[in-house]
Amino acid sequence: MHSLRLPLIALATVLALLLWCFSLTGTAPADLVIGNGPDPRSLDPAQAQSVADARVLASLFEGLVIPDPLSGTPAAAMAQHWTESQDGLRWSFTLRPGLKWSDGRAIDAPDIAWSMLRFLKPATGARMADLLDAVIGAEDCRRGRGPASAVAIEAPDASTLIFRLRERHPCFLKLLAQFPLYPVPRHVYEKHGAAWTSAQHFVSNGPFRLVHWRLRDRIRVERNPHWRDAAQLPLGSIDWRCIDSPATLLNLYVAGALDIAMDVPLSAIPALLASPGSAPGSDLRRHPRLGTFFLRMNVAQPGFAHSAVRRALSLVVDRDLLCSQLLRGGEEPAWSFTPTGMHCGALPYSALRASPLSLDEARAELRIGLQAQGMSTLPAFELLHTTDPLDSSVAEWLQHRYTILGVTCKTVALDAQSLRTRMADGDYAMARSSWMADYDDASNYLECFESSSGANRTGWSHAPYDALLREARSLAGADAERAAKLRAAEALLLHEGPIVPLFHYCSRSLVQPYVRGFEPNPLEWLNPAALRVQR
Amino acid sequence: MKLCVTLIAGCAVLVLLTPLLPLADSTAVHLPRALQTPTLDIFIEHGEPRPTWSGPVAAPLATLREALFGDAQFAPLLGTDALGRCLLARIFVGARVSLLLALVASVASLSIGALWGAVAGMRGGRTDQLLMRGADVIGALPLIFMVIFAVALLRAWRGAHTETWLDQGAVLLCITAAVSWIPTARMVRAEVMSLRNATFVDAARIAGCSNASILRRHLLPNAAPVALASWTISVPRILVLESFLSFLGLGVEAPGVSWGVLLRQGYDALTAVHVSWWLILFPATALAAVLLLLGALGENLRIRLLPQQARGTP
Amino acid sequence: MEHLPAVLLFVLTPVVLLVCARRSCSARRGSLLRRAAWLPLTVLCVHALSFALVHAVPGGPFDDDRPLAAETRAALEARFGLDRPAFEQWLHAVSGMARAEFGPSLAHRDHSVTEVLVAGAPASLLLGALALAWTLALGIPFGLWAALRRGRSADLTISACIALLLALPTFVLTGLLLIPLVFWWKLLPAAGLDQPSAVLLPSLCLGLPFAAQVARLVRSGVAEALQGEWRRTLVAAGLPERAVAFAALRLSLVSVVAFLGNAAAGVLTGSLVVEQIFAIPGLGAHFVESALNRDFTLALGMVVLYTALAYVLNWAADLMLPVVDPRVELS
Amino acid sequence: MSALLEVRGLRLEFNTAGRSIEVLRGVDLTLERGGSLALVGESGSGKSVTAQSLLRLLDEPPARITAGSIHIAGRCVSEGPACVANAVRGSVAGMVFQDPQSALHPCTRIGAALAAVVRQHRHCTWREAEQRSLELLMEVGLDAPQRRVEQWPHQLSGGLRQRVAIAMALAGDPQLLIADEPTTALDATVQARVLGLLSRLRAQRGLALLLITHDLGVVAAAADEMAVMYAGRIVEQGPVREVLAQPLHPYSQALRQALPRTDALPRCAPVSLRGLPPLPEHLPTGCAFHPRCSHALPACALEVPALVARNAQHSVACPLEGQGA
């Protein structure tokens, strides 16, 4: 019988292994399951990256203020109230009494100040460290040129936080609502260092606290009993499902595994719209987003130096056709760079719309531009895009459109990293790009194409444009005048600029009818504390 | 066997003569009819854009097509994809890419493998040890992962250097050829070794033939069947590798079309609310049919060319 | 001192094992030791090669839509040790590997590579083990059935299915099964790993091509085994058909076990695709992603893990051979 | 009470590639309980086919019994599907084959192989079956059976393997042992020992033995009666002593002469039979032996001679009935 011993041991091992694996398949469902997006890059607010990351963070943390999706102006969160000095250079926040971390420890103002300084330090490697540049000493600190003690963020007592700005900022409050500025628990950070984000150490101050995070599967959060409003919180737990593919989100939603799907594949939209009366078609919620899909043109490339050529390439593209026929997901044709629904300070900002060119006009513009450069035809160029299916389809569609203008372009699919590298190196002629608003202000958009901006990457430098933006900044507080300047700058950008805005994104989500408190909004912001289930 | 050869030849002819067929333009985006289900209603359509063909063979054929069919063309019999492009036309165009790539890459891998194996087998001794140990090490690597890295690397490199000869086809070709020559090398080496020690080679050597003439007169003709048999096996393998890479988004890239790309796009379009089964079924059928035929052909050839081996190995 | 475990593992252990292998009198133990010695060497080779490949790829892990300030980038690079010379980085990585530490993942910054691997392993293992279970559970009975009914309709049907399945790559087969079973008849969940039934289809898709291969091996193996003289002895001794068939199966298992090593490696590769299609939280998807995201550390960890796994599985299959067939001596 | 083995007019053909070839053309055999019969003939004469057809071991198709009957211990084996023979296989009749090299399953330990057969025939536990296997191995003369049961077939020598094969054939306690050239593949000393074992088993168990061989020496050593087969028919049957001393059929005479004789004068060399045995698909008409027969009459080419009893035990199928000798 001993010939059987080895196989038996092997069999037993395999069985044990299988049991262990199976034990991982069944997890009790949370009160609400939200199909989100890919895994967050990090739960450290300074490291998080995407809108999807921000949603998860919003359930775990809260800032001094939180964005109110409906009004567009931030609402009180950790801060009970705040005052702005007459000249707009000194902001003083008073914290709510009795704020606590999720481990029960009290939060005081020095904690928050420390957290802001940590965010600024180069060693943290915060992606959006320039958010606080308006604060005195912040830029020097994040560039490693000045000490953290020189940054003008002060906590004179346990419940007061004071920011002093070097210049007036048009939307400082909106900045403070950004997720990278969520407070980080100093006591945990100092104990565990970079490992503070692991599930067993994780401490936060938001409505929910982290239970576990299984990569590529889910992040489970449950009600934080120490949160200021914990008693009023309708949900006991939320599962953030980490799923990259919108098609999978839809399939899971249809199968009833998700209560909210935060994205819907474009290809399914027509089918969903075709059945508006019944699920899942009736669950589709669409809302314009503050995000623009556009093409960058490299002005250093042969033929692209003259604005007439760029104008022709931009304004001949029929965005209406693109949106109505190719995308069909509710995207809005982009005749301006800033999306509609944008604000300028507290005022709504309505961008100037460029007017499309007819084919003949476009040909004429092209000819003028080329003649000015001593060329007869535009050399064939490459249109770089990512391997994302939507990107590829848009690129293929554009390639087809440009042949009508007599321009040859070759589409080249690259992975996102390569595309970024080539754009950063200026090694491209035309490339797909997108910009998502960090906060709801037109300046957040238009400042991308200032000569000095790192987001420019087109080689386009236009003194009048820079001047207009500078003037707009100096007008902080006077929203109407500022909006006028911004509108003028935008008109310049559309006429001279190196971009082809194609469409403004649209958020698409599927929400089960029994889910309440889901308010579609331009920032794709989700207030987890407001969500509830009413069956 | 005869049936198999006929069918493969038929496929090849069909693929070669694609420009002659009244197919729709495989790149023509026609959004209003996106994701149209397969139809049997209309066979001929007029007034659609016609595909453009370039190249020494394709262009005259396309002209001939103009003369034969004018602007008549097949309706999207197999349905359309998410951009309203005719799947039938795309399968044909994809076949050209997939099959050509598999063919060229397999010839390349055959030459590498045959050379490697022949040198190892002829020289014997330390050279043989070195070469075959090298092949073993390469064979021990998790090749598919190396391939993924290499493709990402080469693509990034290509991304960084605009004007190079290294287009996506060349990248795929190099990679697939580079990872698929090892079995060929092993088979050729074994054959050459057994031949080298065969009596008739000894006889030739005693008769005073030079090494070169032995190689030319005796070894090559006798090793050729082995090489040919291994080649027929490597074609479908490379075809699968190509479609696998394209499927992962690492092979042929849109707007390029290969069967792997078509399948990838099929999966991308497939959702619970709109089950576009044809986008997966038809490319899959095409791929499976060709693989089946090539597999059967390979098996037949192996039995014919290497009767002594055919029984032993499964 | 930092490099001591690495030296121990990658230099001393193979040398000692190889010397022992040379000295050992039993051929079996010798080959066992030699195999064991080659494992760290293979892993080291693969690691070096992948390290070179990964670092040759332009674009770093910190490129972003929003360009980072130079100081921030420098700080991040210092944090992840990317500012050091490549050779030093490699040495560091190797000595980390010897302690089963691959450092923090660059794309999943809250997790170390080891954590990522451990988190993904259960799902992948479950999938792989089930796929192998399907492979054997379908391949052996059908192969046996076909062999016993050789030339009759059952055999022809099974042989046709085998040929078809062998021609279908995993990702093609998955689509063909997914559409009817999940989308039309809604029998099985489309994605995830929430209920046990969710692993059925992915593992089936993964296992079927290998099951076909096994069925083919069993079919020809049993048919060949039944030609053996021993069969008459058993029949004449009055053993029933069933016992004879099992005895024949026993003989054909040699080739099946020899194939299982390959199959296990194939399952690892195939899970890449299946996990992607079914959104299974396994390891497979990290592979392509880490290469594309320039997540150097995770990519290296994956390569090392997969190499070692493939090696060990192949080795295990070889070790199983003498158990199945006593005539086989390890060589 | 009927004989243990009774074969009457057995005809058997092979159907391959659309052609049918008749290899047994009316075989008659009788073996009493405890008796021993040797079936003798050249290769291709149909002895092995006869032996295998007794237990229906031939693959059907291509083999097919077209006429005649086989009764073993009163049970009809020839009618119906091959599995009807299951009733007698092992339990009534055991069989040993020529090549001990391949006669044992290579991947089963000796003990397990024997125990499986034991368990097939008596309802007992594995432990009892193992115990019985040890006894059987002892009975066939294996030393240290405790060690042997753990061994694999490839670890045993040819003679030992043949003994194991005999033990397997005996595991069901049969009354009849069919031994198909049991000693051909063994060297001379081992051959003698195996034959001794067979005789001993016959004596101890009261076994009947059907011995198939081409070796008249083996016949003389191990059998009481013999039947001479030629081209699918029995041409002569009788007590070994009588047939060997006074063969009646010209074929038997030729076989007898082909045997080297130890008692003969040195110059009386063995005379080999001229010609080759006929192929079953090209059988001559009439007596199949007539083209090779030195005494053939014209009538021999026309008519198939019937087996005629010469005396109570001895019968022959030749019109000359030994007169030609």
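This briefing describes the chain contacts, nonpolar cores, selected helices and salt bridges of the structure above.

The structure is a predicted model. Five pairs of chains touch, and the pair with the most contacts is A and C. Over all chains, 57 salt bridges are counted, and the largest nonpolar core has 344 residues.

**Chains and overall organisation**

- Chains B and D are not in contact, and the nearest C-alpha atoms of the two lie 18 Å apart.
- Chain B contains 12 helices and two strands, in the order α-β-α-β-α-α-α-α-α-α-α-α-α-α from the N terminus.
- Of the 314 residues in chain B, 51% are buried.
- When contacts in chain B between residues at least 6 apart in sequence are considered, 77% of them join residues at least 24 apart.

**Nonpolar cores**

- In soluble globular proteins, nonpolar side chains tend to be buried together.
- Within the largest core, of 344 residues, Leu64(A), Leu132(A) and Phe163(A) have the most contacts.
- The element that gives the most to this core is helix α10 (residues 241-278) of chain C, with 15 residues.
- Leu132(A), setting aside residues up to four places away in sequence, touches Met116(A), Phe119(A), Leu120(A), Ala138(A), Ile153(A), Phe172(A), Leu176(A) and Leu181(A).
- Another core, of 42 residues, lies apart from the largest one; among its members are Val407(A), Ala429(A), Met430(A) and Leu83(B).

**Helix α16 of chain A**

- Helix α16(A) has 18 residues and reaches 25 Å from its first C-alpha to its last, close to the expected 26 Å.
- Its buried residues are Asp479(A), Arg482(A), Ala483(A), Leu486(A), Ala489(A), Glu490(A), Leu493(A) and Leu494(A).
- Because these residues cover an arc of only 135 degrees around the axis, they lie on the same side of α16(A).
- An α-helix has 3.6 residues a turn, so residues three or four places apart point the same way.
- The cover over the buried residues of α16(A) includes β14 (343-344), β15 (347-348), α14, α15 and β19 (499-511) of chain A.

**Salt bridges**

- Side chains of opposite charge can pair when their charged atoms come close.
- Glu450(A) and Arg473(A) form a salt bridge at 3.0 Å, N to O.
- Glu450(A) counts as buried because its relative accessibility is 9%, whereas Arg473(A), at 26%, is partly exposed.
- In chain C, Arg232(C) and Glu229(C) form a salt bridge in which the closest N and O atoms are 2.7 Å apart.
- Arg232(C) is buried at 19% relative accessibility, because the limit for buried is under 20%; Glu229(C), at 30%, is partly exposed.
- A network of salt bridges links Asp133(A), Glu139(A), Arg142(A), Arg143(A) and Arg166(A) with Glu71(C).

**Ser246 of chain B**

- Ser246(B) lies in helix α9 (residues 211-247) of chain B and is buried, with a relative accessible area of 2%.
- The side chain of Ser246(B) makes polar contacts with the side chain of Glu242(B) at 2.8 Å and with the side chain of Ser258(B) at 3.5 Å.
- Apart from neighbours within four places in sequence, Ser246(B) contacts Gly251(B), Val252(B), Ser258(B), Gly260(B), Val261(B) and Arg264(B).

**Helix α4 of chain C**

- The 13 residues of helix α4 (residues 86-98) of chain C should span 18 Å at 1.5 Å a residue, and the distance of 18 Å between the end C-alpha atoms agrees.
- Buried residues of α4(C) are Gln89(C), Trp90(C), Val94(C), Ser95(C), Gly96(C) and Met97(C); what covers them includes α1 (4-23), α2 (27-56) and α12 (296-324) of chain C.
- Ala100(C), which follows α4(C), has a positive phi near 60 degrees.

Methods:
Residues are numbered from 1 along each chain as its sequence is written. Chains are lettered from A and ligands numbered from 1 in the order in which they are written. This is a predicted model: local features need pLDDT of at least 70, side-chain atom pairs count only at pLDDT 80 or more; totals for chains, interfaces and linings use all residues. Side-chain values use heavy atoms; hydrogens and water are left out. A salt bridge is a side-chain nitrogen of Lys or Arg within 4 Å of a carboxyl oxygen of Asp or Glu. Buried means under 20% relative accessible area, exposed over 50%, partly exposed in between (1.4 Å probe, protein chains only). A nonpolar core is a set of buried Ala, Val, Leu, Ile, Met, Phe, Trp, Tyr and Cys residues joined through side-chain atoms within 4.5 Å. Helices (H or I, at least four residues) and strands (E, at least two) are DSSP runs, numbered from the N terminus. Contact means heavy atoms within 4.5 Å. The expected span of a helix is 1.5 Å times one less than its number of residues. The arc is that of the directions from the helix axis to the C-beta atoms. A polar contact is a pair of N or O atoms within 3.5 Å; within protein, one must be able to donate a hydrogen and the other to accept it, and residues adjacent in sequence count only if both atoms are side-chain atoms.
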